[in-house]
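Welcome! Have the view ready and follow along.

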Number of protein chains: 4
Amino acid sequence: MQKVKVGIIGAGRIGKIHTDNLLRLPQVEVVAVSDLFAGAELEAWAAERGIAAVTKDSGALLANPEIDAVFICSSTDTHVPLIQQAAASGKHIFCEKPVSMDIKQTMEATRTAEEVGVKLQIGFNRRFDHNFKRIEGHVRDGTIGTPHIVKITSRDPNPPHKDYIRVSGGMFMDMMIHDFDMARFVSGSDIVEVYAQGAVLIDPAFAEYGDVDTAVVSLKFANGAIGVIDNSRQAVYGYDQRVEVFGSKGLIAVTNDYPNTAEISTAEAVYRDKPLHFFLERYQAAYEEETRMFIDCIVHDKPVPVSGIDGLSAERAALAAKLSLVLQRPVRTDEAVQLAEQHLHFA
Amino acid sequence: MQKVKVGIIGAGRIGKIHTDNLLRLPQVEVVAVSDLFAGAELEAWAAERGIAAVTKDSGALLANPEIDAVFICSSTDTHVPLIQQAAASGKHIFCEKPVSMDIKQTMEATRTAEEVGVKLQIGFNRRFDHNFKRIEGHVRDGTIGTPHIVKITSRDPNPPHKDYIRVSGGMFMDMMIHDFDMARFVSGSDIVEVYAQGAVLIDPAFAEYGDVDTAVVSLKFANGAIGVIDNSRQAVYGYDQRVEVFGSKGLIAVTNDYPNTAEISTAEAVYRDKPLHFFLERYQAAYEEETRMFIDCIVHDKPVPVSGIDGLSAERAALAAKLSLVLQRPVRTDEAVQLAEQHLHFA
Amino acid sequence: MQKVKVGIIGAGRIGKIHTDNLLRLPQVEVVAVSDLFAGAELEAWAAERGIAAVTKDSGALLANPEIDAVFICSSTDTHVPLIQQAAASGKHIFCEKPVSMDIKQTMEATRTAEEVGVKLQIGFNRRFDHNFKRIEGHVRDGTIGTPHIVKITSRDPNPPHKDYIRVSGGMFMDMMIHDFDMARFVSGSDIVEVYAQGAVLIDPAFAEYGDVDTAVVSLKFANGAIGVIDNSRQAVYGYDQRVEVFGSKGLIAVTNDYPNTAEISTAEAVYRDKPLHFFLERYQAAYEEETRMFIDCIVHDKPVPVSGIDGLSAERAALAAKLSLVLQRPVRTDEAVQLAEQHLHFA
Amino acid sequence: MQKVKVGIIGAGRIGKIHTDNLLRLPQVEVVAVSDLFAGAELEAWAAERGIAAVTKDSGALLANPEIDAVFICSSTDTHVPLIQQAAASGKHIFCEKPVSMDIKQTMEATRTAEEVGVKLQIGFNRRFDHNFKRIEGHVRDGTIGTPHIVKITSRDPNPPHKDYIRVSGGMFMDMMIHDFDMARFVSGSDIVEVYAQGAVLIDPAFAEYGDVDTAVVSLKFANGAIGVIDNSRQAVYGYDQRVEVFGSKGLIAVTNDYPNTAEISTAEAVYRDKPLHFFLERYQAAYEEETRMFIDCIVHDKPVPVSGIDGLSAERAALAAKLSLVLQRPVRTDEAVQLAEQHLHFA
């Protein structure tokens, strides 16, 4: 078997995770890595892993005809041009979420990949999680009947650094985008309308950048179901990742993962350890699986499990939520782009 | 000790429950019961319990100077006049929820009771439940810090009969009113705005009467917290009654009560019995407790735990939700009465 | 319907519990109570409940021809003579456990009741508990197949007072006797052999009286199953009452009851309240049910759910366990009486 | 850093698991594998992993001076001679459990490794499991006070093949040996006496070989605690691996691991998936960890976490259990070897 040769663009935390997961796959060879801040440290890291080429220039990496597929893990503003270039070079593309902050650009990038005929998979890793897959499967096979209500809770253990808040794109595009995708994934339907409530209850820094740190967003789905997502930037007990789908024949709900099942009963209380702390622990297996699936789709020429349209749809819902918060009214996803032009001012 | 002498107005299911709970209290004597449909059956029922007087005429009961307190368990449209008459007779009043479908009338009835100086307790029985009391206590004592997000799930096992749907006042006033009160109870704050999504997913009969059978309502609280309530008229697995409050120092969540703790592991799955089926089983102890507390407040002349203002506030939130559904926009509770005059047409 | 007239012999804690439960049954009248220490306090207690006759003399109570049934709640050494007298007077008998410390006497008392034709129910209240009934039902209906392994955990929150330890009859006869009955109840089979390990780990006072405070007892059943009971006199986290039966088609297990379902997640841990504290809270409903069933058996002339043979069998297993601890070898229940004569010295 | 060069002796299922886990460690090189049945298949397997040398001759592997450490994963009867040879060659040794069926030989092998100064780690993988480590840690740090009662449940999903039963060494030496080690691990104390009950309830084949398929074994520990282990060869619901330690300050208990946290509520029941099926799924991470620790102990010259004495102690308890079953009496671990000579006949 000929190995799939992969290049990594952007060697931050997530780029390194994907690299290590790729290296576990016998049918993959990671041949190059590019990063704007490449230096001695990255070179050592690459050498340990037998990755020959390290460069600051993503263009050079993309120009390498040997490379079959790229992982785009650089900053969000670079995603669209990199997708365009990678597609032009005929390389399959795994791109981190969100594709961009500008839905029109996301649409174009998606279209390009489709026209050229390269695979484009978006990094919604949670779809590969054991818990959420179980929900999706049971909704799809009809165990709980027709979905009526979808509920998603997603809370981070700690707020990000102030510098990150500024460039994050806001809670809806940065954090809740995962949940919009999850809502589509587990309901098997598109989001048609959202109503967003937001508040700054954790750190005034969020307000400085026009952002919120706490949100509850109501959802309407194309299939008639309704739902709600709640987010917080700071759950002191750790990463809170729960989903439930209620339907005509029952309810399926998943709760958090824990580091162990130990329960301790003392004179004070019955207690257990907190949930797995954050996404690196919680979604380690899901990251492995999304990488494995992407490579598998290339090897066997199958459609990717998370398409550009999926990326686009989640972005559109995030944009609608942002608009809903600003306009204080429900916003349809199909009016979001036009409304954004009227009401939001992107630099 | 002199016994508190009680009269029961309306001897349907809930009137009978209160009666039996009252009979367990050594400091109470139930001396009379009135019901529009009083007959041989009710007389037998009363005789078994040593209740001497049975009448069709609530007026006769209210005219009995011996009676210290009445339980108003008749149909909703009779509540306000009965409160007025009972107050005029100087009797303490326990009134089932909602006080009325017309907030102005509820206000007046509440004011009358206050002016006359009789106690008026509203039948929000869930406040006396072991689970929800535990939440309220831990929110109040600061265990979870400042509340940020309140989530309430409340689903009935079966939809009511079509005849009931017609006169129920709609899902928000009939069913979710309990949850609006719960939201106020566990958050320690008033609801200032709601946004309602509703759908008819269970039975088209609901649509016939302009009602919904599935709803998700977003909430804003005076203390800055946000939240969500979801309701369904039919959870096939039984009565689903869960609440959680997320705050700056943690999360407190309660799940359902079960008939036993048995867990069965077979070659197919690990399973347990469904939750307690419906409100009679689920809230039996809470009904006992609310009755005990009401009598206790009379005996020791203390303020009642659920006041007319509490009844009023929940009704206002229910009305705002109904308006939000009609107007498809968020509605403030302080604009609900005025908006209702413009947009809703009560017979 | 003519009411069943009941007399209570022994008005300690358990006698009072049974009285209050009986008073809730419409078909029962409690007409008399006897207690060695009857005085003003007991008379006031009885008066509040409308019980006319209070006496120090159980003989006088038993001589009352009006009384249909007695509850024997006095000290263990009085049980057998009282059963004999009650049977001679043709009264149905509810007797607290154990019937006696001397199996031969228990046999005789059981035989007398049978010959005379009065009902004799033994106070193994746990058989009426929601959890253990669920196990027994699922074992009986074959859900878990043929029982292979029975496991029972039973731990008290606090050791009894030193004065009580002295007269308790020892851990096996006083405490584990409930578990021997439970083992028979859930397995549907007799105990044929036991091996007892015991230790004094909580309070040296137990050693002073030749008793233990911690024990693990292996069991063999007539149907081929094997099992184990563990007891402790002090579980600091509260009353620990768990049972599981493992069989050819699966496992059924029950865990403790809790005062609520609240789960609190903080920066330190995820915790909940301790289990219900002790038997009064834990088995309140079971006490009500055993009383109701006893009366029901009298009214409808049905066999009692817990017979004298059941009392006898549990005592025999307890005796065998005591002997096993002394002899440091497994002891068959059918050799226990004879071995006891050789090795144990009862006053 | 110079890599630790490892040879694998015995390339059955467990040998292959260790190999793959070793290959994930950057500081390890697997240089050779020996197996009595080595052939084209094993060579292909080795080639895929870059393992150069494949041989049928463990002697050749042990003669390779380049090899620093060996993993002995061949059949139990070969363990002792291989340990002797490996020690003579100065190689560190990881040996699967049990070291042998003959405690005297285990003692000698352990002594040899100690005298020569090579590391000898025994494959009690469960010590490295997240759940059991948590128990051990909390017992050690005093969270639950002094241990009083230790309870271990260990049940396999399916009985082994008849051919395996014949050579397995019996349930105590083959299966419960893990639990004897666990009992020592979590209690922090030695087992001084056992009493074994056994039954053949699953497959008569066990009886043919003088073995049992169901067992309950009582334990006494040197520190005064008592306990019990139960085993079954067939739990239809999957691998059942639970442990609890009850002590003067509380209880710590772990239950099974599940493939996900999904809970499904339907009109029939509330259910979830069965526990992880068997040891390969359940202890995957523990196998990785024991391998990592062994290599770490070599690299940093630290004492191994599971010593030859640990292997020996578990074997001694297993032998005592076997004798207890035969003799139908409790057996002290310090009399097991002598009793075995009188009562057991090993070929």
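## Helix H14 in chain B

Helix H14 of chain B covers residues 336-343, and in this predicted model B:Ala336, B:Val337, B:Leu339 and B:Ala340 of that helix are buried. How do these buried residues sit around the helix when you look down the axis of H14(B)? They fall within an arc of 165°, so they line one face of H14(B).

Turn to the other side of H14(B) and you will find B:Gln338 and B:Glu341, which are exposed.

## Helix H14 in chain D

Now move to chain D. In its helix H14, residues 336-343, the buried residues include D:Ala336, D:Val337, D:Leu339 and D:Ala340. Viewed down the axis of H14(D), the buried residues keep within an arc of 160°, and they therefore line one face of this helix.

Which residues are exposed on the face of H14(D) turned away from its buried side? That face carries D:Gln338 and D:Glu341. The buried residues of H14(D), for their part, pack against helix H5 (103-116), H13 and strand S15 (331-332) of chain D.

Is D:Glu335 buried or exposed? With a relative accessible area of 15%, D:Glu335 is buried, because buried means under 20% relative accessible area.

If you set aside the neighbours within four places in sequence, D:Glu335 is in contact with D:Arg329 and D:Pro330.

## Where H9 meets H13 in chain D

Helix H13 of chain D, residues 308-327, also meets helix H9, residues 176-187 of that chain: the two axes come within 8 Å and cross at roughly 120°. H9(D) and H13(D) are therefore oblique to each other, and their crossing is right-handed.

Which residues make the contact between H9(D) and H13(D)? From H9(D) come D:Ile177, D:Phe180, D:Asp181 and D:Arg184. H13(D) brings D:Asp310, D:Ser313, D:Ala314, D:Glu315, D:Ala317, D:Ala318 and D:Ala321. Sorted by class, the contact of H9(D) with H13(D) has six nonpolar residues, one polar and four charged.

## Where H9 meets H13 in chain C

In chain C, the axes of helix H9 (residues 176-187) and helix H13 (residues 308-327) come within 8 Å, crossing at roughly 120°. This makes H9(C) and H13(C) oblique to each other, with H9(C) passing H13(C) in a right-handed crossing.

On the H9(C) side, the contact is made by C:Ile177, C:Phe180, C:Asp181 and C:Arg184. Among the residues on the H13(C) side are C:Asp310, C:Ser313, C:Ala314 and C:Glu315. The contact of H9(C) with H13(C) divides into six nonpolar, one polar and four charged residues.

## A valine in strand S1

The last stop is C:Val6, which you can find in strand S1 (residues 4-9) of chain C. C:Val6 is buried, with a relative accessible area of 0%.

How many residues apart in sequence are C:Val6 and C:Glu66? They are 60 residues apart in sequence, while in space 8.9 Å separates them, C-alpha to C-alpha. Not counting residues up to four places away in sequence, C:Val6 touches several others, including C:Leu22, C:Val28, C:Val30, C:Ile67, C:Phe71 and C:Ile295.

Key. Residues numbered from 1 in each chain as written. Chains lettered and ligands numbered in written order. Predicted model: local features only at pLDDT ≥ 70, side-chain atom pairs only at ≥ 80, totals over all residues. Heavy atoms only, no water. Axes fitted to C-alpha atoms, helices over the stretch in contact; angles between N-to-C directions. Helix = DSSP H or I, 4+ residues; strand = E, 2+ residues; numbered from the N terminus. Parallel < 35°, antiparallel > 145°, perpendicular 65-115°, else oblique. Left-handed = near helix turned anticlockwise from the far one by under 90°. Contact = heavy atoms within 4.5 Å. Nonpolar A, V, L, I, M, F, W, Y, C, P; charged D, E, K, R; others polar. Buried < 20%, exposed > 50% of the residue type's maximum accessible area, 1.4 Å probe, protein only. Arc of directions from axis to C-beta.
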